[in-house]
Structure formats: C-alpha cells, structure tokens
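Have the model open beside you and try each task before reading on.

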Amino acid sequence: INVLSQAQRDPLENLRLAVERAEAAGVEEDTLDDVRTKLAELENEVGKELSISINHAVSGETLTVVRARPSHTPGYLREHVLRATGEGGVALHFLFQSQVLDEKVSLREAGLSDGDTVFLVQTPLLCLTASFDGTARIWYLQNGDCRKMLVARQGGQVQSATFSHDGSMLLTVSLDGEGKLWCAESGRLWCELCGQPGGVLCGEFSADSKWITGASDDCTAIVWSAETGHCSKILAGHDDDVKSAAFSPDASMVVTASCDGTAGLWMAADGSRIRSLVGHDDVVKSAMFSYDGLRIITASMDGTARVWNVDPGDCLQVLQGHAKAVNSAAFSPDDQLYLTTSFDGTVRVWEAETGECNLVLHADNKVVNTAQFSPDGTMILVASGTECVRLLSATTGECIMTLDGHEDWVRTANFSPDGMLIASASYDGTARVWSSRTGECLQTLTGHTEAVISAEIITA
C-alpha cells in the first residue's frame, strides 16, 4: 500500500522501480499482484495521453507542452503552466476554439485531441482584506502592493468586507452598524446603505451584483439597491434578532436565520414571506441555499443542522452528532455533501443522499473559526484555534498540507475562485497568500495595524 501511494505522486517510471524494489524485498505475491495490475492500468492510460501545446493568447508564444490524460480537467493544465512559468497573482483561463474551457469538463469532453493547442489568458488577481483598524485594503497579488486603502470607519472596527460578483463594487460593514459601498476601481465611497430602521449587521451581493441583502439589528432583514444603497424591501416577521440573510442563486428569494428558532423564506421582489421553516429548538445561526437553489441548510444552537426543501418547505434531514451548538452549515459545490462546524471543536462532512456523517475532523485547540470546501469540492480548508491553516481531503479527512507562518491565530481562510490560491487573515495583523498546490507562502500582506478579520481573492 505504501508503494502504491508513493507511486500515485511520482512518475510512472518510479512505480516500475518501486515494484522491482518490492520484489527484491520479498513482498507477498498477493500484494504485488495488486500493484502490478495498477501498473498495467496506468501504462495503458499513459498510452492514451494527449500532447497539448499551451500558447500565450496575446503573443502566440508557446509557453509549455503538457502531456495530459483525456480524463484530466483544465486544472491539470493550470498546474503545469504554473510550474513552467512561475507566474503568481494571476488567474489562468484556457481558450480552445474560441471557447473558455469549463473547469468541470474533461479535456475529452471539451473536444481536445492529441496535438491540439489551447491559448492562455491571464487575469490579475486582487485580495480584499478587512481589519479591526477601521480600514479595508485592496491588494494587487502580482506584486503584493496595496492598491487602495478604504477608511470604512475612522476609529471604529470593520467586521466584514466583500466584493460584488462582477468585481466593480465592494461592501464594508462596521461594528457600529454602518454599511458602505465603494467603487473597486477608484476606491471612492459610492454610497451608504440607508433607509432601514436599524443598523446593518451583515450583507452580501446577489449573483448579478444589483442587490444586497443583510440583517438589521431590529429583527428584520433588508434588500438594498447596490446602485443607490437605498432600502428596497424590509423583510419583517421574525420575533427576535436576525442572524443572517442570503440570496437564492437566481436572487428571486432570500432566506433568513433568526434567534427566534426559525428560518424565513421571502420573495426578494416584494418582501413577502413565503413560509417559515420551523423545527429547531434554539437560535438558528445561519441559513443558505444549495447551489441548484432547491434546498436550504440551517445551522442551530440546538446542536443540529437541518436540510429543507425550498418548496414546499418540509424538513428533509436532521443532521445530528455534534455535541454543542452548530455554528455554520454549507453545501459542497456539487450539492452532494454538507459541511458543518460546531462549538464542540469539530468539522463534520455528511452525505447529502443519506444524511449520514462521513467524516469527523478535529480542529486544533478544539476551536473552529471557519471551514469551507474547495471550488472543486475535493478539499476542505480549516482555520482553527492556532497560527496555521490546514487543508484536508474531503473524502478521507487526511491532512494534505499545513500552512504555517502566522504569528497569531488565523481568523479565516478562503480559496481563490480557481482554487489555486488560499488567502488567510490573522490576528497578527497580516494576511497571507498561499499556493494550494505546494503550501508555499507566496506573499505576506502587511500594513494593517490591528487584527485582519477577512481576506478574499477575486479576479480584477
């Protein structure tokens, strides 16, 4: 087994040599037969490899030639380009026959054949950080320079900062309840969120970047116009504070989580309540839609997470197993798994089809700050009660790598959209950018004077 796991990481020739060494060492024939079978399968697969030329989309220069299997995805091409060019701080996209290659489609499905050429388009990456020093900063990741510093709250603390999905705007929310919209290009204040009865607790953009929804401190949720900042709809009906609000993928609905023990489903267009999701026995901490928009997952202080049908609103599954309150719950990108975090110091992975718990991951110092799936759903990124971030297999729970370098606890960590980079924010006052392939720290972003509480990477 050790021979096989080593070979999976090394070239085919190393596997052949490993078999020879195992034979010389007298390894049991039954075990060797399994390895030989695997070797034959790999040799057969290698015989089907494609030779793909990667050319620069502007200059036409050939950057590298990649030997890839038909079953590989564009992510495999990206890894080889990064090794060949050493390029950092940019997003890589591949064009074939004037179409951008879909990240989830294999090279075979995309129509590539041996000897084909794909063209590389490079897009600069930005990192948005927010800090308790009252500022948010936008950084160019190609050189690590701070492009803009936004003073969201002079003498106050910023609790969140997020880009719109089109990258043109960003939203900051301060601990004193102020929500502000900024122009990402100029760094100028665009407008403030206004018209709501209470203060702003949190906010997120709709997928089309035209709207913002968030919780207010008066037991309501709000829908604002992202163009003007004006309150468009007030979602009123909860009997206690609202903890979170999130759009459906098509922005037609909003789901809210409340201290009254329920989640609410609302029409975004007119603010009417569609239904309440009733079943939890304590505060509902968070609620979010599945990627296909058909289900909702809620996390509660009662120690459970629940999965609901959007229509008709019935509870499909109760996820039980955590020993303390569940802090967050999320779907994997393909909606086949759930991920929950808890105050019991664990992260759990659940099978969506059965509701069974597949993995229990124990956080450092029994503290989970954040956990999330990678964009392809194969890995889990965990920031816990320590100075490091851990990258774990979503299938086995094995620790793939540890990102170590911060001098204080890591508050949060996030993947870049293509999954190749990770941004971490720490109480040491810095953010760091890491390679998810090698675990190498590529950049340390310094300049904030207090704890950095969020870091997000997007394409410019």
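Helices (H or I, at least four residues) and strands (E, at least two) are DSSP runs, numbered from the N terminus, and two strands pair if DSSP finds at least two bridges between them. This is a predicted model, where local features need pLDDT of at least 70, side-chain atom pairs count only at pLDDT 80 or more, and totals for chains, interfaces and linings use all residues. Residues are numbered from 1 along each chain as its sequence is written, and side-chain values use heavy atoms, with hydrogens and water left out.

**Exercise 1.** Work out in which sense β26 and β27 pair, and what lies in the turn.

*Solution.* Start by locating β26 at residues 346-351 and β27 at residues 357-362. Their pairing is antiparallel, over 5 bridges. Next, find Thr346, which faces His362 in β27.

**Exercise 2.** Count the helices and strands of the protein chain.

*Solution.* The chain has 4 helices and 36 strands.

**Exercise 3.** Compare the radius of gyration of the protein chain with the globule rule.

*Solution.* The radius is taken over C-alpha atoms, and the rule is 2.2 Å times the number of residues to the power 0.38. For 460 residues, a compact globule would come near 23 Å; the chain has 24 Å, which agrees. As a further step, the C-alpha atoms fill a box of roughly 75 × 50 × 45 Å along the principal axes.
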